[in-house]
Amino acid sequence: MFYDYEVPDEIWELELKVTDFPLGPQHQHDRYVLASIQEAIEAAKEGNFGVGAVIVDPKGKIVMAGHNHVFNPHFRSDIHAEMDTMNKFEDTFTEVTSMRDYFLFTSLEPCPMCLTRLITSGVGQIYHAAPDVETGMVSRLNNLSPVWVDLADSQIFAQADCSPELIDIALQVFLVTANNNTQQLMDRR
């Protein structure tokens, strides 16, 4: 189903901030977080939750990017940013047998579904820009069943080393879209 959607002015303003954002040497993850935020903005412009993600190979190159597609182009409850990015990666790089040396950067702390997907994938390091105090699961990883906690033991899940301004932008992109999209989910009940 296609949802008519007028992009909020705040998204255009945040896109300008991201476009002009000065990258510096102070924070090692800024360029990857910035790329995930650019994906989040694309999601928001399409009427989806404003969350984006990128996968970085062992040499530091972004090899895959994706964003939330829950509502557009049609309703897909499972296509969160991390899921979209992992799906594309796994479909494209079928020869990769271990992701332990790869990194995934996401603009928002992963939800429970995405966290367990990332644990299953074996991505070595997963970093998020903005914490999600409501539904983020990285901060609650130890609340998972013991098998998931054990599987995650060899992975790093943490907040990215990025500029505080990028953390704020990432959170704002999500929050601008959250109320409307959460209401759409409630309306499906």
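1. The buried residues of helix 4 pack against helix 3 (81-92), strand 3 (103-108), strand 4 (125-130), helix 5 (146-152) and strand 5 (156-159), where contact means heavy atoms within 4.5 Å. Helices (H or I, at least four residues) and strands (E, at least two) are DSSP runs, numbered from the N terminus.

2. This is a predicted model, in which local features need pLDDT of at least 70 and side-chain atom pairs count only at pLDDT 80 or more, while totals for chains, interfaces and linings use all residues. Residues are numbered from 1 along each chain as its sequence is written, and side-chain values use heavy atoms, with hydrogens and water left out.

3. Helix 4 (residues 112-121) is largely enclosed by the rest of the structure, because seven of its ten residues are buried, that is, under 20% relative accessible area, against over 50% for exposed and in between for partly exposed (1.4 Å probe, protein chains only). Among these buried residues are Cys-114, Arg-117 and Ser-121, and helix 4 is followed by Gly-122, whose phi is positive, near 80°.

4. Helix 1 (residues 9-19) and helix 2 (residues 30-45) have axes that come within 10 Å and cross at roughly 160°, the axes being lines fitted to C-alpha atoms over the stretch in contact, with angles from 0 to 180 degrees between N-to-C directions.

5. Lys-61 lies in the loop between strand 1 (52-56) and strand 2 (62-67), and at 55% relative accessibility Lys-61 counts as exposed. Leaving aside neighbours within four places in sequence, Lys-61 is in contact with Ile-55 and Val-56.
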